[in-house]
Amino acid sequence: MTFGFKGNKPSRRQFLSGAAAVGAGALTATGAKAAGDPLITQVQDWASGTGDGVDATPYGLPIEFESDVRRRNVEWLTADTISSINFTPIHALDGTITPQGCAFERHHSGAIELKKSDYRLMINGLVDTPLVFTYADLERFPRENRVYFCECAANTGMEWAGSQLNGAQFTHGMIHNMEYSGVTLRTLLEEAGLNAAGDLKDKWVYVEGADASSNGRSIPMEKALDDCLVAFKANGEALRKEHGYPVRLVVPGWEGNMWVKWLRRIEVTDQAIESREETSKYTDTLADGTSRKWTWEMDAKSVVTSPSPQAPIRHGHGPLVITGLAWSGRGAITRVDVSKDGGKTWETARLAAPGEKMALTRFYLDTTWNGEEMLLQSRAMDETGYVQPTKNELREVRGLNSIYHNNCIQTWWIKEDGEAENVEVS
Ligand SMILES: Nc1nc2c(c(=O)[nH]1)N[C@H]1C(S)=C(S)[C@@H](COP(=O)(O)O)O[C@H]1N2
Ligand SMILES: [Mo]
């Protein structure tokens with residue numbers, strides 16, 4: 001059986017006519033043939049006996065054939081794995097939700113093991129009543145469910161000076177997108193009472209984690225009261241240890257560093273703390289040597305996840321699905337364009353679903369490929385009218401000293417044999 005694709009618009013009739021269409025010169029994507037294929041004509045092992053019973057895997061893992069779909073790190077990036085990062089295999093995923101088991105991790109002092117029964121969350125500082133919550137206390141506040149991406153500000157940071165890492169997992173995989181269940185930060189702050197803080201306009205909250213690094217960050221009160229979540233579930237189940245079990249902070253659209261894991265303390269203050277993580281780190285040195293700081297929002301960005309260096313075209317000529325992800329820390333993605341010629345011409349991609357605020361959006365370009373080389377790019381636009389910049393546009397404003405907040409357009413060179421390589425077209 002062969003899909004009877006003609007051009008790039010398979011109709012239901014063509015699917016039904018199947019193998020018959022092959023003779024009519026339809027594009028054959030795979031090597032499967034109806035006649036004499038033992039996978040069709042012979043009884044296979046898996047049909048000759050029974051499979052596993054229901055209790056073989058009380059908690060399921062991916063099937064062995066998918067064992068390549070996993071987090072990976074880049075060994076030379078950091079001195080050890082305790083203060084390091086690994087990357088989500090975005091080249092192999094589809095849809096928008098990142099399974100926890102392969103969602104990137106970033107730790108400053110390793111992933112700690114903290115039992116729910118040992119968990120305490122303190123709110124102190126300029127509040128009416130300092131409070132300490134247990135895990136069980138948190139479960140008694142009204143809960144919300146929301147899907148957000150979390151992107152490390154260093155995502156794509158290695159690509160500033162030129163193309164470097166060969167794979168979407170490594171260039172763009174410091175991101176995950178999950179459905180969080182938790183209590184709004186506003187609910188907890190109001191429980192402690194904010195009258196003591198006076199005018200909230202110039203107030204801050206300082207949040208820190210229970211790990212040795214504490215990863216403390218200052219967040220303006222306006223954001224804290226707007227959409228931050230104190231989350232204890234992701235994609236329906238408990239957070240994994242590496243993502244902050246049992247409780248992490250979710251700071252929609254803002255750099256991953258502020259998403260404090262193993263959240264232990266929230267202090268209301270009248271100024272920013274100017275902690276390590278918001279001064280010597282997570283600031284951007286400009287060409288004149290000064291630094292940008294308080295660069296909280298993640299600008300609109302996108303990447304083609306397939307085809308890409310780790311997901312080359314293996315199926316020969318004919319129908320090709322180009323797909324990727326787009327996101328913006330400033331709201332919803334409204335449009336994604338795809339270029340096959342390094343940005344000279346653009347086609348508007350199909351969004352799998354209308355963009356959601358501060359969440360990943362999946363895009364598709366259903367097209368035809370006949371072995372021609374492509375310089376594949378994608379360009380995201382968000383509801384503020386912002387358009388994802390080219391590398392040169394970004395360098396003009398930011399110089400060459402930056403690491404963080406690189407949201408430039410990415411290029412994959414697709415070769416005649418379908419292999420792909422990270423190249424720079426700026
Ligand atoms: N307590 C604590 N929170 C932390 C960190 C940390 O090391 N300790 N790393 C931060 C950084 S830099 C990022 S990018 C995100 C990563 O979240 P993840 O490990 O769930 O992907 O967590 C942030 N929260
Ligand atoms: Mo980060």
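1. Starting with the cysteines: there are 0 disulfides in this structure. Keep in mind throughout that this is a predicted model.

2. Take C102 to begin with. The closest cysteine sulfur to its own belongs to C150, and at 14 Å that is too far for a bond.

3. With a relative accessible area of 1%, C228 counts as buried.

4. Now to ligand 1. It has 21 residues around it, and F104, H108, D211, R248 and K261 are the closest of them. As for the make-up of that shell, I get 9 polar residues, 6 nonpolar and 6 charged.

5. From the side chain of K261, a polar atom comes to 2.5 Å from a ligand oxygen. F104 contributes through its backbone, where a polar atom is 2.6 Å from an oxygen of the ligand. R106 also uses a backbone N or O atom, in this case 3.0 Å from a ligand oxygen.

6. How much of ligand 1 does the protein cover? On its own the ligand has 530 Å² of accessible area, and the protein covers 100% of that. As for where the ligand sits, the space it takes up is the largest cavity.

Terms used: Residues numbered from 1 in each chain as written. Chains lettered and ligands numbered in written order. Predicted model: local features only at pLDDT ≥ 70, side-chain atom pairs only at ≥ 80, totals over all residues. Heavy atoms only, no water. Near = heavy atom within 4 Å. Polar contact = N/O pair within 3.5 Å; in protein donor to acceptor, adjacent residues only side chain to side chain. Areas by Shrake-Rupley, 256 points an atom, 1.4 Å probe, with all protein chains shown as cover. 1 Å grid on protein atoms, 1.4 Å probe; cavity = no way out; pocket = protein on both sides within 12 Å on 5 of 7 lines; lining within 4 Å. Sits in = over half its atoms within 2 Å of the grid points. Nonpolar A, V, L, I, M, F, W, Y, C, P; charged D, E, K, R; others polar. Disulfide = S-S within 2.5 Å. Buried < 20%, exposed > 50% of the residue type's maximum accessible area, 1.4 Å probe, protein only.
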